[in-house]
Amino acid sequence: MSGKGGLIRELNRNKVLFLMVAPTLLFFIVFSYIPMVGVYYAFTKFDFDGGLFGSEFIGLKNFEFLFKSGILWDLTKNTVLYNLAFIILGNIMQIICAIFLAQLTSKWFKKTAQSLMFLPYFLSWVLVGAFVFNLFSDLGVVNSVLTQLGLQTYDFYLQTAPWKYIIVFFNIWKGIGYGTVIYLAAIMSISEDYYEAAKIDGANIFQQIRRITLPLLMPTFILLIMFSLGGILKGQFDLFYQIIGNNGMLYEATDIIDTYVFRSLTINFDIGMGTAAGLYQSFFGFVLIMTVNYIIKKTHEEYALF
Amino acid sequence: MGTEVEKLPGVRRKKTGSKIKQDKATIAFNIIGYTLLALISIICLVPFWLIVAGSFTDELEIISEGFKLFPSTISFEAYRSVFSTPEQIYRAYGVTIGVTVAGSLLGLFLTSMAGYALSRKDFLYRNSLSFFIYFTTLFSGGLIPWYIMMTKYLGLKDSYWALILPPLLSAWNIILMRSFMKSIPESIVESAKIDGAGDFLIYRKLILPLSTPGLATIGLFLALGYWNDWFNANMFITTGDKYPLQFLLYKILSSAAVLQTNNGSYLAANVVPPTETLKMAVAVVVTGPVVLLYPFVQRYFVKGLTVGAVKG
């Protein structure tokens, strides 16, 4: 089947199937593909009256500014470092939890622990904002405890140092149940025979984990890490915005590409610059995920995304 | 999770090897495991406890001593205040429930139709169309062009559609649905076709009933997304009457909006009106339904994750 003849014949043969998928295709055309044309804003000095093609074309000037002013470097550094912390610490915590959950014997305990660990995943990021307010504001729990211990209170909103840890903590906190479920499924697919054989050879439980569970979890671990690395330029907007909000004092340590783009749109009205930063993120994100997928295709073909 | 837990190696080992005395390593392992998991479980629960405790504290205690893990007073003043003029909360509840129900049902309908069409082996363009959908997760025009599309060209500023449309369809859900439907034996479709049934009839009468677990999982993912969404309201909604719950909570937390209460009456009496505790009470009222439903729906999410972890 080739060319237009094939398409028309197929359209005719599977009309109903085409109609069933059509609303979805229309959705992605309107909300994803047409806005891609809008990356043109990145090359203009945006003019509210001019619209998309009425604005003055300035070539790469927006990118040049972002690059030379150092903004792009700071944003990229923050985004990448935060994501690295999320990915590495998050996965390690999830693997540890999954290993213990799989081995402990009390059914009741396991069920309860798993339910509690999965709970944060269901809560909204706004509620995380409420936690942060309750814990770290002037009247927050941390300062109450400090006062009770007779110590100096600490003004969190004037200090950049603690927020890095708070952000990483809440990211791991919210995702721990989700990741544990995935690793637990991988552990459960390991054949019981390995463990039986190891026990006959006199291996204790730590040796079994080190010699059997961990090596067999490696492929899952590497794949999850690889795919996470592909998305390393994507920021968790909800997390940063609900915890930091528009507190300019803390930007140096907490501004990521997504929060910068959001401010360009809603506060600074710098459409050209914001679009340029967004395009930079999309473009290099695309290059990264393609590279990761290429590597996986070469090494573990069955796991490649496409 | 119940059935899967029984398959765990640990459980079986206890049954087969109960005669063997537990060695030192196993005892050490159990001590570390139970302690660590208990600790992590508590950490997952603590912030929630803090909010509930805060909401039941007396405002005066907060002002003089701050929020505490175990408040020394108990007061229902914050809740009384929230429900003294509950219209605003009820309204936000109405918006959230309406958007969640409408969005989840419509999203589920479109996702299942697309998933079904793309799972059919005799649909020639299924792979290119799947990639067309999948590609949107790889590259996007970014936030600003999307925002301009929504407001300038579609005119969705301050419209309920701005809350319903953005989370409606996701490439991830469609791929997940497609892999759910691929597991339905092809012979069912084929024999129905021989009997002269059309594709839509097959979808409605055969495929939908057979994919209820998949529909439940994706429907719940959609509903959770709608319930917890604050971002789209933040971008597009300007009228207070159209605020969904999470956005109302956000506004109250950031003190950008004050909950309409009859706090005016406190001016006469010598009492402090609840403001800090009120924020906590609203957080509890907004999150309550999710926590109450959580035990019943958790297993569908676990199922979705374990199916989704395998490539579609």
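1. Helices (H or I, at least four residues) and strands (E, at least two) are DSSP runs, numbered from the N terminus. A:Leu146 sits in helix H8 of chain A, which covers residues 141-148.

2. The model is predicted: local features need pLDDT of at least 70, side-chain atom pairs count only at pLDDT 80 or more, and totals for chains, interfaces and linings use all residues. Residues are numbered from 1 along each chain as its sequence is written, while chains are lettered from A and ligands numbered from 1 in the order in which they are written.

3. A:Leu146 is partly exposed because it has 15 C-beta neighbours inside 10 Å.

4. Two residues are in contact if their C-beta atoms, placed from the backbone, lie within 7 Å. Apart from neighbours within four places in sequence, A:Leu146 is in contact with A:Leu151, A:Gln152, A:Thr153 and A:Tyr154. Between A:Leu146 and A:Phe48 there are 51 Å, C-alpha to C-alpha, and the two are 98 residues apart in sequence.

5. Across the two chains, 83 residues of chain A are in contact with 90 residues of chain B.

6. Chain B has 16 helices and zero strands. Of its 312 residues, 43% are buried. Among contacts in chain B between residues at least 6 apart in sequence, 76% link residues at least 24 apart.

Key:
Buried ≥ 20, exposed ≤ 12 C-beta atoms within 10 Å, placed from the backbone.
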